[in-house]
Number of protein chains: 2
Amino acid sequence: MKVGVLYSGGKDSSLAAVLLSRDYDVELLTFVFDETHAVPSIEAAAKETGFPWKKLVFAPGFLDEVVDNIVRDGHPANAINEIHRRSLCAAAQEYEVVADGTRRDDRVPMRTQSEVQSLEMKYGVSYIRPLLGIGKTEIIRLAEKFFEIAYGETGTIPNGDFENEIRSEMTRRGIDFVSLFPKNHEQSLIIKKKMVNEP
Amino acid sequence: MKVGVLYSGGKDSSLAAVLLSRDYDVELLTFVFDETHAVPSIEAAAKETGFPWKKLVFAPGFLDEVVDNIVRDGHPANAINEIHRRSLCAAAQEYEVVADGTRRDDRVPMRTQSEVQSLEMKYGVSYIRPLLGIGKTEIIRLAEKFFEIAYGETGTIPNGDFENEIRSEMTRRGIDFVSLFPKNHEQSLIIKKKMVNEP
């Protein structure tokens, strides 16, 4: 059975993909706003995992809507949640099982129990979050078992996060990205898959 | 790294154990109130999984407390939650990582986010719930990939659940078990491990 896994190139979505790959045929899905936007770091990370990877494109106009919402709210939490919701809905139209690297200690993006039920009912899919029942210590232990990982603040490592497209659009419009996005938001990027002897 | 997994012989705790076994050395833990209480069905299920199994005993007096609380409440939800909490605390004194088969759609037993944090801080452990991010359809698909499973109402299959000890104590005290426990509570018991060709 195939599973479409939302993929950012970071340690969480990469670990989710590895854990799922023991029982499912994993395909990695990275969404961009503009189809011409290249995400070489994510593509390289996906290649390291060894799983097939696809770049998918949001509907036209969504980036404008996202930027408007962040400016209106004064913070990106709701917009990031909406990006996640749309990614899942789009994936659910192509896969019977969809998944992501949502962790127990994440606040955003996070689907509520009723949103999960609604997604599963509406599209007839299963939505799996392999990391939802795992805390930070074990996530890091497991992720570092499988991958060499680079860590850094947003913008300091090239982890093609969709924040880059939002940042560019804000800069184009003359909006101050830095004041609207939280500081000290640690990002991660998979550099290399380690050789692991599985039993 | 070892993980102590709360084990009932049912499909959820057995599946949790299998999923964890890809990354941890699994030991199964079944708690009883009375150390002379035999749990042959759980022991047989544990043997099928192939993982080491231990029977552990709650502190004296806990069964009385549990029965008193069920009678006081008129339902077993709080008592079952407390049994689960004590099981985790006891396991956390012996293992650096503890786990169980808590599912996304379970209401009881279920630890809240703050209880999870408190458990992890107090004992310096990690608490993993591998099934927390998975819905019923995929739980059943995965469990049936690994195991032949018997299903039935409580009391109709010999799945040595701790309800049996509570039922006996209530009968001894002349309390009507049937009126206090919910009807139509489906149980499961692992009958046989299937041969699975893992990649």
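**A tour of the two-chain model**

Begin with Pro109(B), which sits in the loop between β4 (97-99) and α5 of chain B; helices (H or I, at least four residues) and strands (E, at least two) are DSSP runs, numbered from the N terminus. This is a predicted model, in which local features need pLDDT of at least 70 and side-chain atom pairs count only at pLDDT 80 or more, while totals for chains, interfaces and linings use all residues. Residues are numbered from 1 along each chain as its sequence is written, chains are lettered from A in the order in which they are written, and side-chain values use heavy atoms, with hydrogens and water left out.

Select Val108(B) together with Pro109(B): the peptide bond that joins them is cis, with omega about -10°. Now move to chain A, where a cis peptide bond joins Val108(A) and Pro109(A), with omega about -10°. Pro109(A) is found in the loop between β4 (97-99) and α5 (113-123) of chain A.

Next, display chain A as a whole. Eight helices and seven strands make up its list of elements. Its C-alpha atoms fill a box of roughly 55 × 40 × 30 Å along the principal axes.

Then select the interface. Here 26 residues of chain B are in contact with 26 residues of chain A, contact meaning heavy atoms within 4.5 Å. Because 100% of the interface residues of chain B are also interface residues in chain A, the copies meet through the same surface. The two chains bury about 2100 Å² between them, 42% of it on carbon and sulfur atoms; this is the accessible area (1.4 Å probe) lost on being put together, summed over both parts. Highlight Arg22(B), Asp23(B) and Arg104(B), which supply 27% of the area that chain B buries against chain A, more than any other three residues.

Finish with the charged pairs. Six salt bridges are counted between chain B and chain A, each a side-chain nitrogen of Lys or Arg within 4 Å of a carboxyl oxygen of Asp or Glu. One to select is Lys145(B) with Asp23(A), at 2.6 Å, N to O. On the side of chain B that touches chain A, the elements giving two or more residues are α5 (113-123), β5 (126-128) and α6 (136-146) of chain B. Of these, α6(B) gives the most, with six residues.
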